[in-house]
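Please read the report below alongside the sequence and the coordinates. It goes through selected elements of the two chains in turn.

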Amino acid sequence: MQPVNRAPYVLREPAAAAPRDPAPSRMAYRMQRMWLTPIVRSVLRVGIPAFAISFAIGFYLSNEQTVDAISHNFIEFRRSIEERPEFMVHVMSIEGASTELAEDIREIVPLDFPISSFDLDLPGMVEIVGDLDAVARVDMIIRPGGVLEVSLTEREAAVVWQSRDALEALDGMGHRVGPLVVREDRPNLPFLLGDGADAHVPEAISLMSAATRSLPNVLGLVRIGERRWDLLLAGGLRIKLPETGAENALRWVLAQHQAQDLLSRDLAFVDMRNPAKPVLRLTETAKANLDQNRGLMRNGSN
Amino acid sequence: MSGLYQAQRAMRNMRQAAMQRGVIAVLDIGTWKVACLVLRFDGPDNFSDGDGVGTMAGQSRFRVIGAASTCSRGVRFGEIDVMVEAERAIRTALQSAQKMAQVRVDHVIACFSGASPRSYGLAGEIDVENGAVTEQDIARVLAACDMPDIGAGREVLHAQPVNFALDERSGLNDPRGQVGERLASDMHLVSVDQKAIQNLAHAVRRCDLELAGVASSAYASALSALVEDEQELGAACIDFGGGATGVSVFLRKHMIYADSVALGGDLITADLSAGLSVPTSFAERVKTIYGGLVATGMDDREMIEITSETGDWEHDRRTVSRSDVIGIIRPRVEEILEDVRTCLDSAGFEHLPSRQIVLTGGGSQLPGLDALASKILGSQVRIGRPLRVRGLPQAATGPDFASAVGLSLFAAHPQDEWWDFEVPVERSSKRSLNKVLRWVRENW
């Protein structure tokens, strides 16, 4: 039989679990203390990751194929950047050179256009072109638009020199400009002869200019014994100049010529090797004539 | 005796080593809670005594970098009762303090309130050898103090020289270098149960820590709760703990008496639990929220809902008035204070120039305690909160942390104890060598 006055059911919550003990386990406690130890901390945070990374990289690179593939990829990548159209050079323009020289330059600088500007060795090419005899100065620059601009200054031929081997044009400083086939190619340039003449071109030029101003029949200068000059005139007259003070000696001779018409006489040479003691040599005919005249005079007087 | 001497010296050396490393933990093992503070010694250390801040008792030297407290387990009446549980409590507190400090601590200084401390006053007297007092004379006069019979199974916890007298002049703090003939010293010695201290050392060692010092918690809380003038002129510090109530009396900045009453706040909770027939946790809650000591008419009308989980509806839904709660609490507190009064009487507290009573510890937060204590103990009563030290979290500034803070002051600025002085020559093995030297000096 049911009890009449039943106590209402009291909803009881399940008995609360035992309160959690916040105490760390012995292991956790020790681990935390170890973690707070500076050396352990630094090893775990820096040492082991650094070792792992370096070991992984080393392991990865220990395979030769991988290294090859990496370097190949790198080179490919580099090439792909270098060969972008922005960096390509299509044309070489040469300024300030004659046609032959320009052709020479195109020959000695063999470039297969188009070429990447990274592959151009500008200093090397400047050196090569600068080594050409006809080139005094050269600049190279890559202009936007893929133009390799070569601007150069040619050497000016100042004299013609007949050396033992060849006929050559020299500039004012005696540097070789180029070969000549015949003297008549450059008829207006002074003509030099003899070994070692190329080393004294400035002196020769000043002598020649002094001589040609006064004399119409100058042939050229001959270097004698690699030490002094002979001025050669048409008609076979020579003016032997000293080693030093050649120009003064020449001026003295020219002054004599103006005053006394010296060089129009029948002379073989004027010897100025010792400027203090000029010597004239007559030609054979003049000598004979002189002797004859002297005999006549002596006979006449007799 | 010499074994203890060596153990205390070893602890002192360990404390020096810990200060060198800069980090030390203080551990207050109480019945209600275990508190741990981690101290870093990096403050301005180089204040000399001359520039007026030397008396700051070393507070400027350290900084609290970690603080934690946990509910104590396995501790009864201030002594370790269940080793494993106590060890877990220490581990919890220390781990969270370490976590806050982010530094590993290897050395701890611990204090406890139980182990029935007993105070002895020792006196010794010698003739000064060379006119002026030297370190050796002090060592000899301390050695000349007659050791009382502290009983078997007891250990010396503190042995502090509190007074030196040279001829007719007494009250000297430091007689070194002074001229006189008779040197006398008074020493205060506190002995505790050997087993309690050994258990404490064992529990600390099981936590992989080194014990770098032990102090009585009555002494430690007085260091932080008494201001300097009170320590100088005479005051008693009553540390209301969970399981034991510590009493220490200070005069002229030295502790001259220490005792402990094995009654505490836990007993009040137990009384409430029995009186209201509620679980202990609920009784604790009632005590902390509604507890009081002085009932007024208002308290008759303030009804407290008593809920419990027995399943008996009538039992689980009751109300009591706050006066009832006060009526349960008050007799127990009176009993504790009576016992404290007995201690103070036996210490001769009424002869002190100033009879200031400072109440501290967690139990001192009970409203009306100062009014009740002034009726039983004496007229000058105040509630003492611990000194403010650098870096202490707000949660740890209450009176329940007085002994932890005091212990950190103790770590920073320890009182000279017997074992800090030189070993007298007569006792050391250097004796024979010294004799030879003296003979040479006198005869050549």
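## Strand S8 of chain B and its partners

In this predicted model, the hairpin of S8(B) and S9(B) has two residues between the strands, and B:Asp167 takes a positive phi near 55° there. S8(B), residues 154-166, pairs with strand S9 (residues 169-172) of chain B in the antiparallel sense over two bridges, where two strands are said to pair if DSSP finds at least two bridges between them. In S9(B), B:Leu172 is the bridge partner of B:Phe164.

S8(B) also pairs with strand S10 (residues 182-193) of chain B, again in the antiparallel sense, over 11 bridges, and in S10(B) the residue opposite B:Glu155 is B:Val192. Strand S8 of chain B is mostly covered, since 13 of its 13 residues are buried; buried means under 20% relative accessible area, exposed means over 50%, and partly exposed lies in between, with a 1.4 Å probe and protein chains only.

## Conventions

Residues are numbered from 1 along each chain as its sequence is written, while chains are lettered from A and ligands numbered from 1 in the order in which they are written. Local features need pLDDT of at least 70, side-chain atom pairs count only at pLDDT 80 or more, and totals for chains, interfaces and linings use all residues, with side-chain values using heavy atoms and leaving out hydrogens and water.

## Two further positive phi values in chain B

B:Ala115 has a phi near 65°, a positive value in a residue other than glycine, and lies in the loop between strand S6 (107-112) and strand S7 (118-127) of chain B. B:Ser277 likewise has a positive phi, of about 45°, although it is not a glycine; the loop that holds B:Ser277 runs between helix H7 (265-276) and helix H8 (280-290) of chain B.

B:Arg15 belongs to helix H1 (residues 2-21) of chain B and is buried, with a relative accessible area of 5%. Leaving aside neighbours within four places in sequence, B:Arg15 is in contact (heavy atoms within 4.5 Å) with B:Ile24, B:Ile109, B:Ala212, B:Phe410, B:Ala411 and B:Pro414.

Helix H13 (residues 402-412) of chain B is mostly covered, with 11 of its 11 residues buried. Among the buried residues of H13(B) are B:Phe410 and B:Ala411, both of which are in contact with B:Arg15.

## Overall make-up of chain A

The secondary structure of chain A comes to eight helices and 14 strands, and buried residues make up 30% of its 302 residues. Of the contacts in chain A with a separation of 6 or more, 43% are between residues 24 or more positions apart.

In helix H7 (residues 246-260) of chain A, A:Leu250 counts as buried at 1% relative accessibility. Not counting residues up to four places away in sequence, A:Leu250 touches A:Leu207, A:Ala210, A:Ala211, A:Leu231, A:Ile239 and A:Leu241. The C-alpha atoms of A:Leu250 and A:Met208 are separated by 10.0 Å, the two residues being 42 apart along the chain.

A:Ser116 is in strand S3 (residues 115-116) of chain A and is buried, with a relative accessible area of 3%. A polar atom of the side chain of A:Ser116 lies 3.1 Å from the backbone nitrogen of A:Phe118. Apart from neighbours within four places in sequence, A:Ser116 is in contact with A:Arg79, A:Glu82, A:Phe87 and A:Met88.

Strand S6 (residues 159-162) of chain A is joined by four bridges to strand S7 (residues 167-170), the two running antiparallel, and a hairpin of four residues connects S6(A) to S7(A). With strand S9 (residues 191-193) of chain A, S6(A) pairs in the parallel sense over three bridges. A:Trp161 stands opposite A:Glu168 in S7(A) and opposite A:Leu192 in S9(A).

Notes
Polar contact = N/O pair within 3.5 Å; in protein donor to acceptor, adjacent residues only side chain to side chain.
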